[in-house]
2 protein chains.
Amino acid sequence: MSNEKKFVEEITSMDVDFARWYTDIVKKADLIEYTSVKGCCVIRPYAYAIWENMKSVLDSMFKETGHENIYMPMFIPESLLQKEKDHVEGFAPEVAWVTHGGTEKLQERLCVRPTSETLFCEHYKNIIESHRDLPKLYNQWCSVVRWEKTTRPFLRSAEFLWQEGHTAHATAEEAQEETIKMLNVYAKFCEEYLAIPVVKGRKTDKEKFAGAVATYTIESLMHDGKALQSGTSHNFGDGFAKAFGIEYTDKDNKKQNVFQTSWGVTTRLIGAVIMVHGDDSGLVLPPKIAPVQLVILPIAMHKGGVLEKAEEIKNKLSSFKVKIDASDKTPGWKFSEYEMKGVPLRLEIGPKDIEKNQCVLVRRDTREKIFVSLDELEAKVAELLEDIQSSLYNKALEHREETTNVAKTYDEFKEIVATKPGFVKAMWCGDVECENKIKEDTTATARCMPFEQEEISDTCVCCGKKAKAMVYWGKAY
Amino acid sequence: MSNEKKFVEEITSMDVDFARWYTDIVKKADLIEYTSVKGCCVIRPYAYAIWENMKSVLDSMFKETGHENIYMPMFIPESLLQKEKDHVEGFAPEVAWVTHGGTEKLQERLCVRPTSETLFCEHYKNIIESHRDLPKLYNQWCSVVRWEKTTRPFLRSAEFLWQEGHTAHATAEEAQEETIKMLNVYAKFCEEYLAIPVVKGRKTDKEKFAGAVATYTIESLMHDGKALQSGTSHNFGDGFAKAFGIEYTDKDNKKQNVFQTSWGVTTRLIGAVIMVHGDDSGLVLPPKIAPVQLVILPIAMHKGGVLEKAEEIKNKLSSFKVKIDASDKTPGWKFSEYEMKGVPLRLEIGPKDIEKNQCVLVRRDTREKIFVSLDELEAKVAELLEDIQSSLYNKALEHREETTNVAKTYDEFKEIVATKPGFVKAMWCGDVECENKIKEDTTATARCMPFEQEEISDTCVCCGKKAKAMVYWGKAY
């Protein structure tokens with residue numbers, strides 16, 4: 001027990017300091033290690049395994065919706081980045097520039113890709129000729145670099161891993177359909193696999209992607225009441241196509257510009273999982289993306305038959321991701337370790353259990369202890385993992401609903417933002433001036449105009465003019 | 001037929017100009033598209049799907065041998081790169097340097113990783129404390145950059161995709177065992193999945209990796225008789241550990257340096273597949289890594305029931321990677337297209353076949369036409385794919401054996417290199433002077449000292465002094 005306590009005591013409580021709690025977990029659960037490269041971290045095997053699980057599900061969802069993977073160069077020549085005006089203005093201030101190859105100065109600077117619209121556009125211009133070549137539904141898994149001043153593991157780092165979908169279509173309608181389809185894929189992934197409820201909606205013009213006609217987003221709420229933009233899907237219209245000259249010959253033999261989209265999610269989703277489900281003992285992982293779903297801890301291992309029984313159980317549970325920890329660490333240390341790592345189920349088995357043909361299962365989320373007959377183990381584990389997955393989602397949804405407030409007046413709005421964590425739903429006139437004023441007065445930003453609109457009142461919460469949309473506002477990561 | 005001819009005519013014959021044949025295939029099979037970034041290509045979906053298949057097999061093999069995936073930053077600070085003397089000398093001349101982040105000049109230049117030994121060493125120094133932390137068996141899938149002057153798709157490019165394994169062990173013996181184990185994994189992968197026979201051996205000191213004690217390699221022979229280094233595995237001894245101060249406390253509580261290895265294969269393996277198996281009609285893909293194993297071409301599609309039958313067959317063959325091409329292109333065009341793409345089997349089905357409850361299978365490798373009853377289709381496809389896989393291997397092995405010559409005297413050696421493609425087996429004294437002279441006189445280099453040594457003679461083929469080893473020599477990519 002002393003070991004266990006010591007281990008747990010080293011973590012800051014989330015209620016005392018959420019930011020420190022977060023960085024404590026990130027270190028103690030072996031997710032991240034800092035490096036001598038400013039703003040760049042090592043994504044350690046346990047975190048990378050979570051990312052691999054996410055990738056594998058998302059990749060299947062992309063392929064089922066007809067997308068193919070591709071790989072573009074990591075460098076973008078300065079002249080190529082500059083072809084679309086809004087785009088370069090949005091990204092140039094935060095890119096890393098390569099100026100030398102070996103000992104030679106380059107004739108033209110190359111930036112390390114912050115996102116690859118310009119490369120995809122160049123490629124589409126080369127390979128699209130006829131309406132028969134459309135649509136092009138491509139996706140890329142890679143790392144990108146944005147030279148951020150302040151960084152936080154997973155949430156904001158100079159380099160991060162992501163996927164970026166880039167598609168080209170014959171019509172504006174098809175591009176819009178694709179944009180929404182992929183937003184729905186992201187929402188489904190977050191809710192069903194990460195157990196994170198999301199609000200789907202459209203970004204305001206101020207918050208949209210550099211070069212997009214419209215940006216759609218899924219917004220989720222962290223345990224501390226701050227919002228996290230968890231995935232975005234952009235409709236580019238034909239803006240990039242015009243800037244890059246991407247044309248196809250239609251059925252009437254006329255030249256037309258293509259219509260494009262892009263959409264992406266990043267390793268920041270690992271940060272979301274930590275901040276939505278974690279507690280003061282560490283990570284709590286949704287079973288569907290946990291690298292280890294169940295850890296077997298043999299008790300009194302020196303006694304004959306215990307290890308053998310543990311192996312037998314592992315083999316029986318081969319349809320789950322199971323690990324045995326037969327190291328010589330104390331049980332207390334192991335309990336803390338696997339709680340810290342958020343393993344959904346712990347299975348304890350000792351000589352007395354073996355005598356009774358049973359074992360003990362302990363849920364990570366509720367800490368409930370369940371004695372299970374070994375004959376019913378497989379079914380029980382399946383049932384519990386499912387229950388943990390849905391409980392996590394329901395708990396997160398409940399938390400979001402409890403911390404989502406409605407503001408009808410600006411005084412109400414300011415008071416809520418100042419005193420209560422969470423989203424604020426309030427009406428907006430559509431003017432960027434009000435958006436700027438709200439940010440200045442409260443630090444809250446427009447998270448999105450949700451697809452599910454409610455008519456809270458007729459007038460903008462800020463200026464009192466006619467309202468155009470209900471907006472989810474919040475402080476954000 | 002005119003379409004088909006036109007399509008095929010556009011490819012240079014391999015006997016006329018192997019280099020042009022290669023670049024023709026790379027373009028016409030939709031593997032690569034050039035970009036405005038010097039030396040960097042787009043890896044198009046068809047090529048990327050081949051890489052994904054390779055990755056998936058290799059990744060399983062790595063995990064089965066106890067390795068975990070991890071992700072390191074893509075940047076290396078100049079001071080970190082310089083810590084190991086031989087290593088920096090080997091790589092500094094060919095790295096890309098980042099000097100600016102946004103509008104600010106960096107205090108220290110960062111290179112884009114050409115390989116990540118230095119980052120792994122920094123990480124190992126941070127996380128290894130005790131003998132209980134060993135071994136560390138890590139692998140990384142990523143892209144790396146080497147500023148090459150002359151580039152060729154897949155074989156030599158400024159940026160390429162690869163995996164790099166990096167391990168740390170308590171003893172020199174364990175490190176050596178790991179080095180050979182992973183070389184064997186690569187050899188097994190090349191032979192069983194890529195159908196490419198390899199020679200396993202050790203590199204001479206001149207050819208070894210910058211910073212390694214010993215480098216082991218698998219060497220394969222391309223159709224034109226040139227050698228391709230297809231995978232390498234390095235034993236670092238404790239050289240990096242000493243340079244970086246990576247120590248662990250052993251069981252007697254004494255500080256010890258770790259012993260390290262690294263090993264990697266790259267997208268150049270796609271180049272190997274093209275150059276070992278391809279022919280004048282295009283790619284020939286081994287079934288085990290083909291993105292499409294069988295393409296169904298419905299004949300006279302306008303006739304009732306043909307498309308339905310094609311779909312029915314596709315469902316029946318769901319254990320294989322099957323695609324139907326129901327586009328309105330001519331059969332001749334389609335034949336050429338899927339030959340170019342190296343799809344192992346083509347299935348033709350038309351109204352007359354349906355009447356007879358049969359279809360036609362055509363092998364890509366031999367072009368043999370086989371009429372198969374639809375009742376036996378699944379078994380026949382499985383059998384044929386297996387046969388194609390082993391035939392490709394046997395054909396490549398035969399070709400290598402036919403083009404491997406033995407030289408006892410230097411005159412013989414020079415004549416063989418000048419007149420015959422392929423490997424030359426000859427004895428070597430171990431002196432770099434002879435290695436240099438041979439390269440100068442013939443352009444052939446020491447590919448490796450094979451594990452399977454033969455005693456061709458007692459003396460070095462070049463200087464006549466006592467021989468130390470038999471070497472495979474050859475011109476190389």
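How much area do chain B and chain A bury between them, and what share of it is on carbon and sulfur atoms? The points below take this up for a predicted model.

1. Buried area. Chain B and chain A bury about 4,500 Å² between them, and 59% of that area is on carbon and sulfur atoms. On the chain B side, Pro45(B), Tyr71(B) and Met74(B) lose the most area to chain A; together they account for 14% of what that side buries.

2. Residues in contact. Chain B contributes 57 residues to the contact, and chain A contributes 57 residues. Of the interface residues of chain B, 100% are also interface residues in chain A, so the copies meet through the same surface.

3. Polar and charged pairs. Between chain B and chain A, 25 residue pairs are in polar contact, with both residues at pLDDT 80 or more. The side of chain B that touches chain A is made up of 31 nonpolar, 11 polar and 15 charged residues. The interface of the two chains holds 6 salt bridges. Asp328(B) forms a salt bridge with Arg132(A), and their closest N and O atoms are 3.0 Å apart.

4. Strand β5 of chain A (residues 96-101) runs antiparallel to strand β5 of chain B (residues 96-101), and 5 bridges join them. Val98(A) has Val98(B) as its bridge partner in β5(B).

5. Symmetry. Chain B superposes on chain A by a rotation of 180° with 0.0 Å of shift along the axis, at an RMSD of 0.0 Å. That is the relation of a two-fold axis. Val98(B) comes closest to the rotation axis of the residues of chain B, its C-alpha lying at 2.1 Å. Val98(B) is also the bridge partner of Val98(A).

Note on methods:
Residues are numbered from 1 along each chain as its sequence is written. Chains are lettered from A and ligands numbered from 1 in the order in which they are written. This is a predicted model: local features need pLDDT of at least 70, side-chain atom pairs count only at pLDDT 80 or more; totals for chains, interfaces and linings use all residues. Side-chain values use heavy atoms; hydrogens and water are left out. Contact means heavy atoms within 4.5 Å. Buried area is the accessible area (1.4 Å probe) that two parts lose on being put together, summed over both. A salt bridge is a side-chain nitrogen of Lys or Arg within 4 Å of a carboxyl oxygen of Asp or Glu. A polar contact is a pair of N or O atoms within 3.5 Å; within protein, one must be able to donate a hydrogen and the other to accept it, and residues adjacent in sequence count only if both atoms are side-chain atoms. Ala, Val, Leu, Ile, Met, Phe, Trp, Tyr, Cys and Pro count as nonpolar, Asp, Glu, Lys and Arg as charged, and the others, Gly among them, as polar. Two strands pair if DSSP finds at least two bridges between them. Helices (H or I, at least four residues) and strands (E, at least two) are DSSP runs, numbered from the N terminus. Copies are superposed by least squares on the C-alpha atoms of residues with pLDDT of at least 70 in both.
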